[in-house]
Amino acid sequence: MKIGTRRRFTGLATAMALVAGLAAGPIGAGTAAAYSTDMPMILHNVPPEDLLANTRGVCDGSFKIVIKNVGGAAGALRYLDAAQHCGLKAVLYFSTTISSSGVVYPSRVGALVRAVKSHPALFGYLSVKEPSWSHVTGAEIRSLYKAFRAADPGHPVVALFGDIPHFGGTSNPYTTGMANIVMVDWYPVETLRYGCASTGTSYVPYGPKWFKTKVYPTVHTKTPSVPIWVMVQTHKYLAPTCHKKQRPTQALLIRQVHEALVYAHASGIAFHTFKNVNYNMDERRDATMVSWMKQISASIQAGTFQ
């Protein structure tokens, strides 16, 4: 099942139509994936030099959006220039607006946003990353969202949530006034026996359960017009010993995307991560993984992904 056709969009209302794709309707008892053929395929953490060099062919039209941490306004503008050169839109995460320990600084948002909001390559802003792990409260997420929207009502605010078994609960709250787009991540490919074997790969099967019982019903009930993006795993990380991630096979990458579309009703797919020197393998070093990502993108654009 597929919906939508490729279209061009400008402005907030049309940008929201892009990310929502026409928003997949309820999935029935079957496992067919519902999606828009113009849904965004999103890259995470592509350095500006890779955008300028078209590393792994990231500028060939397979991807639409890139998410990147930036510091001040000057670095953000340089990144937007690189994204524009690559033909991508950028979602900016201003690292100075929230500390690693979870202290938020809404007062810093305005000046940063005013410096970038007119750039043609800007898609929007990422306000928080996995707030439950850094103990950012619901009230603090709302305060950042309010600051971004006050400074720039024309671009959407994305909030990235991890810990999806507790999404919408006390430890990982979600409610109105937090985001224009909800992104969640779920990385199911681990070492055997859920992380404590030295070799072999296991697929943690609970993503569909949490997508069905936590993510989609919470977002759909509390903010029915807010689209959901899902970030899937492409990396390999084996230190320390237990509960660390393995590189997916092509079949497991496809399975992740399929489950995101069917059970989370995802209207955007992000891939984690293009560059991280702490990982054993990332997309920058893995041409084969990027080729699989492009095949998935092409099949979604053609309406043939199942």
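This is a predicted model: local features need pLDDT of at least 70, side-chain atom pairs count only at pLDDT 80 or more; totals for chains, interfaces and linings use all residues.
Some ground rules: residues count from 1 along each chain as its sequence is written, and side-chain values use heavy atoms, leaving out hydrogens and water. Local features need pLDDT of at least 70, side-chain atom pairs count only at pLDDT 80 or more, and totals for chains, interfaces and linings use all residues.

**Exercise 1.** Work out how H4 and H5 pack, and what their contact is made of.

*Solution.* 
Step 1: Find helix H4 at residues 109-116 and helix H5 at residues 138-151. Helices here are DSSP runs of H or I with at least four residues, strands are E runs of at least two, and both are numbered from the N terminus.

Step 2: Check the geometry. The axes, lines fitted to C-alpha atoms over the stretch in contact, lie 9 Å apart at an angle of about 40°.

Step 3: Under 35 degrees is roughly parallel, over 145 roughly antiparallel, 65 to 115 roughly perpendicular and the rest oblique, so H4 and H5 are oblique to each other.

Step 4: List who touches (heavy atoms within 4.5 Å). H4 brings Val-109, Gly-110 and Val-113, while H5 brings Leu-144, Ala-147, Phe-148 and Ala-151.

**Exercise 2.** Describe strand E3: its cover and its pairing with E2.

*Solution.* 

Step 1: Strand E2, residues 65-70, pairs with E3 in the parallel sense over 6 bridges; pairing takes at least two DSSP bridges.

Step 2: Zoom in on Ile-67, which stands opposite Val-91 in E3.

Definitions and conventions: Axes are lines fitted to C-alpha atoms, for helices over the stretch in contact, and angles run from 0 to 180 degrees between N-to-C directions. Buried means under 20% relative accessible area, exposed over 50%, partly exposed in between (1.4 Å probe, protein chains only).
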